[in-house]
Amino acid sequence: MSSSPARRERPRRLLDLVGRRERADDAAQAATLRVTRLRDGEVLESQTVGADASDDAADAAIAFADAEPDGLVVLGYDMPTPEQIAHLGSRWDLHPLLVEDLLKAGQRPKLERYGDVLFVVARLASYDDPTEDVQVTEFHLLVRGNVVVIVCQARSGETVGDVHRIARDPAVLRLGPEAVVHSFLDVAVDGYAHVVADLEVDREEIERQVFDGDEAVAERIYRLSREIIDLQHAAVPLVAVVEALRAGFDEHKIHLELRAYLQDVADHLTRVTIAVAELRDALAQILNVNATLVNQRQNENMKKISGWAAILFAPTLVGAIYGMNFDDMPELHWKLGYPMALGLMLTLGVGLWVLFRRNRWM
């Protein structure tokens, strides 16, 4: 399940749109708007239009929401163009800072209120197991009246999709536009939980690699740690977003049943953030254990190398002494001198080998 280093050179997930004067033709064609109209929690109509027809479709949907107190409209912008965001900002007379945030990707999850407009930044995460890549997609959510706008800033596996993907239960959708936001957060947190489960499987595999002595495991640990950091950057700031929503229950008169749903999301998010932190600590410990095992294996190898060097040094020393060819050396002219020297070399070598073997150096 390991991946090549070339995978790490993947494009940035979150594209910064600020300052771009032109967009490629394929990107413009990819920009779509999904308009979903609901009444009393039931979907009345859902259609997808291209960038050229998105302004008229958005205006008609907003007009429908204004005329239908019991209606609900979800506008899902997938890879929107700056012109689409500018039209939405003009239609709703949005604050310039809010329009700038809608154009600017790469933001951390947050919640802000601009008058009667609720602005939420959240990230969905998925896990590509073959490449061991946590894919994070940034979404911006706007709520005003009974209209919810969902903006997908950059696609990496997740799209805006149908409103049924966010909330399939009409009973939930009847609770108002905030239900869409809370359901979206629920989808995000569930995605984090699935990613954590997949990362846990990889962690167990890494542990086996460490104790099997796989030399490539250190690189895999490092790469997986970076993916966990990406997940942590998506999940941990979302805690503050959920807390901010809960803090505004009374002020914005959120339905009591919806509060219970958000409490459930908060509980799941707490478990996810704890699991992510524990997973990151576990990988750090595994990396330390791997470094210790590598040092131990290196020490064992050094013992063997040193032992064989000593065994080879002993006969070499005897041969070097008797190879000096002095006339007055002992046993130099003795008939058994040569066999004695060979026997001494062999005895020293075998003796050292037995000694090192007993001490578990060999």
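Me: In which loop does Asp93 lie?
Reply: This is a predicted model. Helix α3 covers residues 82-92, and α4 covers 96-103. Asp93 lies in the loop between α3 and α4.

Me: Is Asp93 buried or exposed?
Reply: The cut-off for exposed is over 50% relative accessible area. Asp93 has a relative accessible area of 68%, so Asp93 is exposed.

Me: What is the phi of Glu132 near?
Reply: Most residues other than glycine have a negative phi. Glu132 is a residue other than glycine, yet its phi is positive. The value is near 55°.

Me: Is Glu132 buried or exposed?
Reply: Glu132 sits in the loop between β5 (117-128) and β6 (133-144). Buried means under 20% relative accessible area. At 1% relative accessibility, Glu132 therefore counts as buried.

Me: How many bridges pair strand β1 with strand β2?
Reply: Strand β1 spans residues 32-39, and strand β2 spans residues 42-50. They pair in the antiparallel sense.

Me: Which residue in the turn between β1 and β2 has a positive phi?
Reply: β1 and β2 form a hairpin, with two residues between them. In that turn, a phi of about 55° belongs to Asp40.

Me: Which residue in β3 is the bridge partner of Val35?
Reply: Strand β3 covers residues 71-78 and runs antiparallel to β1. Eight bridges join β1 to β3. In β3, the partner of Val35 is Leu75.

Me: How many aromatic pairs are there, and what is the angle between the planes of Phe139 and Phe184?
Reply: The count comes to one aromatic pair. Phe139 and Phe184 form this pair, with 5.2 Å centre to centre. It is edge-to-face, and the angle between the planes is 65°.

Me: How many residues apart in sequence are the parts tied together by the pair of Phe139 and Phe184?
Reply: Phe139 is buried, with a relative accessible area of 1%. Phe184 counts as buried too, at 4% relative accessibility. Phe139 lies in strand β6 and Phe184 in helix α7 (residues 177-212), so the pair ties together parts whose separation in sequence is 45 residues.

Me: Which helix gives the most to the nonpolar patch?
Reply: Trp308, Leu346, Val350, Trp353 and Val354 form this patch on the surface. Together they have about 480 Å² of accessible area. Val350, at 44% relative accessibility, counts as partly exposed. With four residues, the helix that gives the most is α10.

Notes:
Residues numbered from 1 in each chain as written. Predicted model: local features only at pLDDT ≥ 70, side-chain atom pairs only at ≥ 80, totals over all residues. Heavy atoms only, no water. Patch = residues over 30% accessible without salt bridge, like charges linked within 9 Å, V, L, I, M, F, W, Y side chains within 5 Å. Areas by Shrake-Rupley, 256 points an atom, 1.4 Å probe, with all protein chains shown as cover. Salt bridge = Lys/Arg side-chain N within 4 Å of Asp/Glu carboxyl O. Buried < 20%, exposed > 50% of the residue type's maximum accessible area, 1.4 Å probe, protein only. Pairing = 2+ DSSP bridges. Phe/Tyr/Trp six-rings, centres within 6.5 Å; stacked < 30°, edge-to-face > 60°.
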